[in-house]
Amino acid sequence: MNNTEIRNRIIEILEGLDRPGTEAVINYLKTSSYFNRGCYGHHKEQGGLAKHSLEVYEHMIAFAEGLSSDSIAVAALLHDLGKTTRSGGKGHAHRSLNILDKLWFQLCDDEKIAIGNHHDFSFDFFSCPLRRALSIADCRSTGDWKQQHR
């Protein structure tokens with residue numbers, strides 16, 4: 001898929017969500033660097049952040065049975081949202097949660113845990129199935145189980 005197709009697919013998936021704040025999140029993605037920037041240690045090419053997020057989504061859909069499709073979309077596509085800015089706090093996972101909060105996007109508790117702890121391997125890996133699935137899919141996309149970029 002090229003960058004335009006990736007952008008359109010991500011927007012299409014998010015438009016399928018039925019929760020307050022979705023439109024604000026989509027507008028944020030369109031006006032931030034989400035669709036244009038690369039990631040720090042992987043997917044460094046232009047558009048790499050969006051490509052990585054869509055890969056994480058596809059991995060989660062393929063193996064994460066029993067989880068809400070909405071929660072999979074939210075966790076996968078928005079877990080690295082904090083990489084669009086360097087301001088606003090600690091690591092990119094914390095910044096992702098801050099951005100979503102400012103956009104009044106409603107997250108369930110498992111989505112908050114998954115996004116906020118997807119690189120925290122000291123966090124109880126089995127206590128939240130969505131967090132476990134996100135961490136595994138994230139590592140599959142990067143190709144590295146030990147990567148802990150922030």
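Ile 13 is buried, with a relative accessible area of 9% (buried means under 20%, exposed over 50% and partly exposed in between, using a 1.4 Å probe and protein chains only). The model is predicted: local features need pLDDT of at least 70, side-chain atom pairs count only at pLDDT 80 or more, and totals for chains, interfaces and linings use all residues. Residues are numbered from 1 along each chain as its sequence is written, and side-chain values use heavy atoms, without hydrogens and water.

Ile 13 belongs to helix H1, residues 3-15 (helices are DSSP runs of H or I with at least four residues, numbered from the N terminus). Apart from neighbours within four places in sequence, Ile 13 contacts Leu 54, Tyr 57, Ala 73 and Leu 77, where contact means heavy atoms within 4.5 Å. Leu 54 is 41 residues from Ile 13 along the chain, and their C-alpha atoms are 9.8 Å apart.

Another packing site joins helix H5 (residues 92-102) and helix H6 (residues 109-117), whose axes come within 7 Å and cross at roughly 140°. H5 and H6 are therefore oblique to each other. On the H5 side the contact uses Ala 93, Ser 96, Leu 97 and Leu 100, and on the H6 side Lys 112, Ile 115 and Gly 116.

The whole structure has zero disulfides, a disulfide being a pair of cysteine sulfur atoms within 2.5 Å. The closest cysteine sulfur to that of Cys 108 lies in Cys 128, 8.0 Å away, which is too far for a bond. Cys 108 is partly exposed at 35% relative accessibility, whereas Cys 139 is buried at 3%.

Note on methods. Axes fitted to C-alpha atoms, helices over the stretch in contact; angles between N-to-C directions. Helix = DSSP H or I, 4+ residues; strand = E, 2+ residues; numbered from the N terminus. Parallel < 35°, antiparallel > 145°, perpendicular 65-115°, else oblique.
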